[in-house]
Amino acid sequence: MSSKDVSIPPVIQTSRGDTQLATFAAGCFWSVELVFQRKDGVLQTQVGYTGGREGKTTYDEVCSGTTGHAEAVRLEYDPKVISYTDLLTVFWNKHNPTQGNRQGNDVGSQYRSAIFYHTDEQKQLAEASKAERQTKYEQPITTEIVPAGTFYAAEAYHQAYLEKGGQCAAKGCSDAIACYGI
C-alpha cells in the first residue's frame, strides 16, 4: 500500500480583493512551484493540471499523455509587491521555452511551456514579453498563451514537493533547485 497522500486539495482562489491569480507551465511543476514560492509577493502556490480535457484527472493520467493537460502552477500574488511582468520574468528565466513538449529529460505534452492568462491585461503582457524574449533565441519560442481554463489541483503529495523534501522555499532564497523523481 502506498503512503502517498493522493487526496485532492481545494483549488486556491484569491484570498483578498487586492490579489490576483497567475498560472504557468514550464516543465515539471515541482521546480516551477519552488521558484515562485521564493518570490516576495507570491502568497500561495499550488501545482496541478490545466489546458486539457475537462474533468478531474490524476498524475498518472496526465503522464500518460491522454488528457492534454500540462503540469502547471497556479499562484496567488499581491500586485503591489510583485507585478505580473516580474512573474513573467521568473517564468521565462526558469526554463527553455523553445523545447516544445519537453524540458530537459522530461518529455511529453504535459511538460510544455504555457502561460494561462486570467485577464486581458495578463494576455497583453504575456504576448509582449514573449515577443521581447524571442529576441534572445534563434529557435522559435513554443510557449502557448491561452486563457486560463479549469485548474485541477494535483494530489496532496505533489504540493510543495521539493520544499517537503528539504529544499529552501524561503522568500529570497537563491539556492539551486534540484528536481528529482518520486
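Modeller: At 41% relative accessibility, cysteine 179 is partly exposed, a class lying between buried (under 20% relative accessible area) and exposed (over 50%), with a 1.4 Å probe and protein chains only. This is a predicted model, where local features need pLDDT of at least 70, side-chain atom pairs count only at pLDDT 80 or more, and totals for chains, interfaces and linings use all residues. Residues are numbered from 1 along each chain as its sequence is written, and side-chain values use heavy atoms, with hydrogens and water left out.

Colleague: Which cysteine holds the sulfur closest to that of cysteine 179?
Modeller: A disulfide needs two cysteine sulfur atoms within 2.5 Å. Here the distance is 3.5 Å, too far for a bond, and the closest sulfur belongs to cysteine 28.

Colleague: How many disulfides does the structure hold?
Modeller: A disulfide is a covalent bond between the sulfur atoms of two cysteines. For the structure, the count of disulfides is zero.

Colleague: Is cysteine 173 buried or exposed?
Modeller: Its relative accessible area is the value to check. At 15%, cysteine 173 is buried.

Colleague: Which residue in S3 stands opposite glutamine 46?
Modeller: Strands here are DSSP runs of E, at least two residues, numbered from the N terminus. S2 (residues 42-50) pairs with S3 in the antiparallel sense over eight bridges, where pairing takes at least two DSSP bridges. Opposite glutamine 46 stands arginine 74.

Key. Helix = DSSP H or I, 4+ residues; strand = E, 2+ residues; numbered from the N terminus.
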